[in-house]
Amino acid sequence: MSDQVVKVVVRKRQEQGDGVVVLDLGDPTGLPLPAFEAGAHVDIHLPGGLVRQYSLCGNPAERSVYRLGVLKDPASRGGSVAVHEHLLEGQQVQISVPRNLFALAAKARHSILIGGGIGITPMVAMAYALQARDSQFELHYCGRSRSRSAFLDELQQADFAACVHTHFDDEAPAQKLDLPAVLGAPGADVHVYVCGPAGFMDWVIAQALEAGHADDHIHREYFQVEVDNSGAGFEVVASRSGKSVQVAEGQTILEALAGVGIKIDISCEQGVCGTCLCDVLEGEPDHRDVYLTDDEKAANDQILVCCSRAKSKKLVLDI
Ligand code: FES
């Protein structure tokens with residue numbers, strides 16, 4: 001996670017849809033905030049030492065406010081509940097500077113943005129940025145129902161409203177997402193962006209690959225990923241110190257390293273953000289993250305130590 005912390009205050013809080021809180025965060029003294037690119041997120045430091053990532057969903061050209069949309073998920077590990085309970089108007093909070101792991105491709109001729117549920121948040125910022133670039137795009141917003149969905153008013157009133165297509169499970173079949181038709185014309189200058197629940201993303205990504213889109217033209221932002229720590233134990237060697245540690249079943253490499261005094265920067269602890277990425281010098285990782293691409297995983301020279309394990313009996317890491 002970034003060490004640089006920004007103090008902000010909740011300027012405005014709105015409940016939208018079903019269980020979504022939309023927060024506008026501003027500098028306490030009214031100064032402009034650090035610039036951000038579409039697709040960026042910030043780490044929010046919450047009570048109890050929780051640090052969680054949320055996409056910035058405002059207009060990147062607007063420097064006075066960072067807008068976030070947070071769905072309350074009682075089944076989550078406490079982050080969204082803490083946001084809903086503590087981030088009231090006037091509340092000060094610390095965040096990281098924006099980081100972008102889901103950037104728009106620089107030279108796309110056409111961008112297909114697909115957001116499922118609260119996965120619409122980075123797509124809103126992308127739509128503003130693409131419109132500002134005068135770049136061709138379409139935004140598809142999928143949800144269970146109109147009444148449960150946030151950001152609809154903003155999307156319908158935006159200058160790019162004609163590029164927005166909504167698809168709700170409980171409305172007429174004709175408006176449902178026809179994914180093969182949407183993904184139908186792959187090309188070197190066509191890029192697909194998807195964010196939403198894991199099952200939704202897996203479906204979109206599989207369809208996009210099947211339609212012929214290149215893997216590196218399918219940009220993805222996961223959230224809410226279950227970490228699976230099952231599997232036999234193995235040894236991890238930290239090459240720079242020479243320290244060796246056994247990772248037990250049910251334990252993460254991160255936890256095992258912490259036990260011998262080796263600290264790795266972390267943020268999501270779910271294999272989503274890439275903060276804990278380490279180089280692998282020896283051994284075969286068992287990749288359980290959603291951050292690395294299939295090609296990067298196949299190369300077996302990097303590992304996310306918050307969630308991944310080893311297929312070999314020993315891993316040597318460049319730490
Ligand atoms: S801390 Fe986010 S991927 Fe490991």
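Five strands, in the order β10-β9-β8-β11-β12, form an open sheet of 5 strands with parallel pairing. Here strands are DSSP runs of E with at least two residues, helices are runs of H or I with at least four residues, and both are numbered from the N terminus. Two strands count as paired if DSSP finds at least two bridges between them. At the edges stand β10 (164–168) and β12 (218–222), each with a single partner strand, so one side of each has no neighbour in the sheet. From one strand to the next, the twist averages 15°; axes are lines fitted to C-alpha atoms, for helices over the stretch in contact, and angles between N-to-C directions run from 0 to 180 degrees.

Helix α2 (residues 121–133) packs on this sheet and touches β8 (110–116), β9 (136–143), β11 and β12. The direction of α2 makes about 155° with that of β8. Two residues are taken to be in contact if their C-beta atoms, placed from the backbone, lie within 7 Å.

## Basis of the model

This is a predicted model, in which local features need pLDDT of at least 70 and side-chain atom pairs count only at pLDDT 80 or more, while totals for chains, interfaces and linings use all residues. Residues are numbered from 1 along each chain as its sequence is written.

## Strand β11 and its partners

Strand β11 (residues 190–196) pairs with β12 in the parallel sense over 5 bridges. Valine 194 has arginine 220 in β12 as its bridge partner, and glycine 196 stands opposite tyrosine 222 in β12. Strand β8 is also joined to β11, by 6 bridges, and these two run parallel. In that pairing, serine 111 stands opposite histidine 191 in β11.

Of the 7 residues of β11, 6 are buried, so the strand is largely enclosed by the rest of the structure. A residue is buried if 20 or more other C-beta atoms lie within 10 Å of its own, exposed if 12 or fewer do, and partly exposed in between, with C-beta atoms placed from the backbone.

## Overall dimensions and domains

The protein has 7 helices and 19 strands. Its radius of gyration is 20 Å, close to the 20 Å that the globule rule gives for 319 residues, so the protein is as compact as a globular protein of that length. The radius is taken over C-alpha atoms, and the globule rule is 2.2 Å times the number of residues to the power 0.38. Along the principal axes, the C-alpha trace spans about 60 × 50 × 35 Å. Of the 319 residues, 39% count as buried. Among contacts with a separation of 6 or more, 67% are between residues 24 or more positions apart.

The domain assignment gives domain 1 (5–100), domain 2 (110–222) and domain 3 (234–317); such bounds come from an automatic or database domain assignment. The C-alpha centres of domain 2 and domain 3 lie 33 Å apart.

Strand β2 (residues 20–26) runs antiparallel to β5 and is joined to it by 6 bridges. Within this pair, leucine 25 stands opposite tyrosine 66 in β5.

In helix α1 (residues 79–86), the buried residues are Ser80, Val83 and His84. They cover an arc of only 95° around the axis, which puts them on the same side of α1; the arc is that of the directions from the helix axis to the C-beta atoms. These buried residues of α1 pack against β2, β3 (40–45) and β5.

Another open sheet of 5 strands has the order β14-β13-β19-β15-β17, with mixed pairing. Its edge strands are β14 (243–247) and β17 (302–304), each of which pairs on one side only. Neighbouring strands of this sheet are turned by 40° against each other on average, direction ignored. Strand β13 (residues 234–238) and β14 run antiparallel and are joined by 5 bridges. Alanine 238 stands opposite lysine 243 in β14.

## An exposed loop residue

Alanine 174 is found in the loop between β10 and α4 (179–182). This residue, alanine 174, is exposed, with 6 other C-beta atoms within 10 Å. The C-alpha atoms of alanine 174 and glutamate 284 are separated by 48 Å, and the two residues are 110 residues apart along the chain.
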